[in-house]
Amino acid sequence: MSVTHDARVQVRPATAQRPALRGWPEINNPAAWIVAVILLIMPLIANGFFLIEIFATTLILGTMALSLMLLAGYAGMVSLMQLTIAGFAAYMVAVFGVSGNANISLGWPWWLAVPMALALATIFGTFGGALAVRTEGIYTIMITLAIGAAFYYFTNQNWAIFNGHTGINTVATPHFWGVDWRADIPFYYIVLAVAALCYFAVEYVSRAPFGLALQGVRDNPRRMAALGFNVNAHRVAAYAVASFIAALAGVLQVWNYRQISPGSVSVGACIDVLIIAVVGGITRPIGPYIGALIFVLLRTFALDFLVKIGLDGNRFRLLIGLGFLAIVFWSSDGVIGLWQRWRQSQRPAANRAGGGGRGHG
Amino acid sequence: MDSVAQRLSAVGAGAALELRGVTRLFGALAALTDVTITVRPGERRAVLGSNGAGKTTLFNCITGDFPPSSGTIRFFGEDVTHFPPYERIRRGLRRTYQISALFPGLTVQDNVYLACRGVSRGRFSFLRPGQNDALMHAADNLVQAVHLAGVKDQPVAELAHGQQRQLEIALALAGAPRFVLFDEPAAGLSPTERQELVEILTSLPAHIGYIIIEHDMDVALRVVESVTMMHNGRIFKEGLPQEIESDPEVQELYLGGGHE
């Protein structure tokens, strides 16, 4: 809770542009257009490794962290089970769809298996949320962590559905219209489309009654009840929406790796999602994606870097940990908070120099 | 202002708010003991009493923030004793808080919009309000009514104390209130702001009744027609403002020697 509280305080300096936030701030922002174009033409620039291992993975992890951002940033609830929900959806795709483990997979076509997986994972997450909303603050974290840990150990020990510690391998990916949608370029565009959809949906809903009500619940749940809102119903609904987003990311993840095993839903991986969201910043939907990019870049390249300076390459988590410490120490609202404050400090200088002339207008 | 008798005869027998034997315990401490109050629709009443007399606990029991330990609460004839707060609010009950309970991360406009949305349908709507959204207009009107139109796009965290108190009132007047509980609305206000507060309260439509907790007698006695005096969690005395003001027991207990 204190994370979100501090974040709120930090947002204040940027309020001069508040009215613009009512609509779509991206439309007037040239940087956003540049990022959009780069993302769209990425297959022309990047090779398969970068396209999938860096950018698609970033977008998938970012979407998982986006579901946490929705809960923590708007509704003030820190959930550690977002990766568990994604993992549950991934398992369900493997169980209902086609995989190398024919004794387990039911062999449904992907267009039946995926909606089933999304529905079941959303129900699972909503049920977990209904338990978690009975508590506040640290107890919410504990309950969701307990759900995540329980799911991890359950998948390890259950062979009938989850195939124990070996997991489910060679999960089939969609082929239709003559396209292998798991080939690097088509898969990148699927991931990009889902991530963009989730990002804009969260951005849109944040200004709709549902999103405003969540922010009201975050700021003062008691007053929300005194305004006629059923606070717990809103919290559970937030879990339902966040679960659906996490489940979408989970489906993409199982298509990405073509397998799912307990290692993918470990407690450590659950905490990674929290780190991604906090490092990026949970005050705005873009934060989780920035956090995911930093996380993926560190995870991929820190190894080489560490070896180069004479350390054990497996210590890449040390770098992530130090980065996490630095971020929460200097900027409680993550990288986007740093960025906003830097912009803020630049603006008066620019206004003085340019006589108030502000670029595009 | 009409006399109490005129008001009472005009509204008939149905009570807006009826508390019977309401008791609220906090552990062994009885914050309220056997409180029985009847307030008629449109009636405006002050609740006076020293700190710890149980005034705010009374409000919390009426709104359901803390349910009473025993006793019944009826709101326009309906037994709401076991209703959650939001069900009572949707029936036309409103309250303000002694310490402003606002949404500091949202703008003034969004605060008021939430208040309007809370007592109407579409609380879970995923669609942004359009240009001609009726509730947006309602929110605009309320923002103007409490003189906050100039700061409506500012986050509440940036408002001055007096503006926050005005917003606190606006949130309680959203939708179609039938009865409002004002918990020390003048706390921390300047004399000018107190005058504005009195104007807001006296200009409320006559069908909206309220109970006001207020230590400032200049404010309290100008905006009410009846007074309930509380002491140690019990009803101590009820009457017209001038009766209470001149009652020697009340003076002894509450106004003290320093009032003259």
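Analyst: What follows is a set of questions and answers on a predicted model.

User: Why is B:Val80 called buried?

Analyst: A residue is called buried if 20 or more other C-beta atoms lie within 10 Å of its own. B:Val80 has 21 other C-beta atoms within 10 Å, and therefore B:Val80 is buried. This residue is found in the loop between strand E5 (78-79) and helix H3 (85-90) of chain B.

User: Which residues does B:Val80 touch, not counting those up to four places away in sequence?

Analyst: B:Val80 touches B:Ile73, B:Arg74, B:Phe75 and B:Arg88. As for B:Leu135, which is 55 residues from B:Val80 along the chain, the C-alpha atoms of the two are separated by 27 Å.

User: What makes B:Asn60 count as buried or exposed?

Analyst: The cut-off for a buried residue is 20 or more other C-beta atoms within 10 Å. B:Asn60 has 21 C-beta neighbours inside 10 Å, so B:Asn60 counts as buried. Its place is in helix H2 of chain B, and, leaving aside neighbours within four places in sequence, B:Asn60 is in contact with B:Asp65 and B:Phe66. Between B:Asn60 and B:Val223 there are 163 residues of separation in sequence and 22 Å in space, taken from C-alpha to C-alpha.

User: Where does helix H2 of chain B lie?

Analyst: Helix H2 (residues 55-63) of chain B lies across strand E3 (44-48), E6, E7, strand E8 (209-213) and E9 of chain B, and its direction is at about 150° to E7(B). These strands belong to an open sheet of 6 strands with mixed pairing, whose order is E6-E7-E8-E3-E9-E10 in chain B.

User: Why are some strands of this sheet called edge strands?

Analyst: The edge strands of chain B are E6 and strand E10 (234-239), and each of them pairs on one side only. From one strand to the next, the twist of the sheet averages 20°.

User: How do you know that E9(B) and E10(B) pair?

Analyst: Two strands pair if DSSP finds at least two bridges between them. One of the links is that of B:Val227, whose bridge partner in E10(B) is B:Gly239.

User: What makes E1(B) and E2(B) a pair, and what lies between them?

Analyst: Strand E1 (residues 17-26) and strand E2 (residues 29-39) of chain B have 7 bridges in the antiparallel sense, and therefore they meet the requirement of at least two. B:Glu18, for instance, has B:Thr38 in E2(B) as its bridge partner. The two strands form a hairpin with 2 residues between them, and B:Gly27 in the turn has a positive phi of about 65°.

User: Why is H6(B) called mostly covered?

Analyst: In H6(B), 10 of its 12 residues are buried, including B:Gln163, B:Leu167 and B:Ala172. What covers these buried residues includes helix H4 (108-118), helix H5 (134-145) and strand E7 (179-183) of chain B. Helix H6 (residues 161-172) of chain B reaches 17 Å from its first C-alpha to its last, which is close to the expected 16 Å.

User: How many residues of chain A are in contact with chain B, and which element gives the most?

Analyst: 26 residues of chain A are in contact with 34 residues of chain B. On the side of chain A that touches chain B, H10(A) gives the most, with 7 residues, and by class this side has 13 nonpolar, 6 polar and 7 charged residues.

Notes: Residues are numbered from 1 along each chain as its sequence is written. Chains are lettered from A and ligands numbered from 1 in the order in which they are written. This is a predicted model: local features need pLDDT of at least 70, side-chain atom pairs count only at pLDDT 80 or more; totals for chains, interfaces and linings use all residues. Helices (H or I, at least four residues) and strands (E, at least two) are DSSP runs, numbered from the N terminus. The expected span of a helix is 1.5 Å times one less than its number of residues. Two residues are in contact if their C-beta atoms, placed from the backbone, lie within 7 Å. Ala, Val, Leu, Ile, Met, Phe, Trp, Tyr, Cys and Pro count as nonpolar, Asp, Glu, Lys and Arg as charged, and the others, Gly among them, as polar. Axes are lines fitted to C-alpha atoms, for helices over the stretch in contact, and angles run from 0 to 180 degrees between N-to-C directions.
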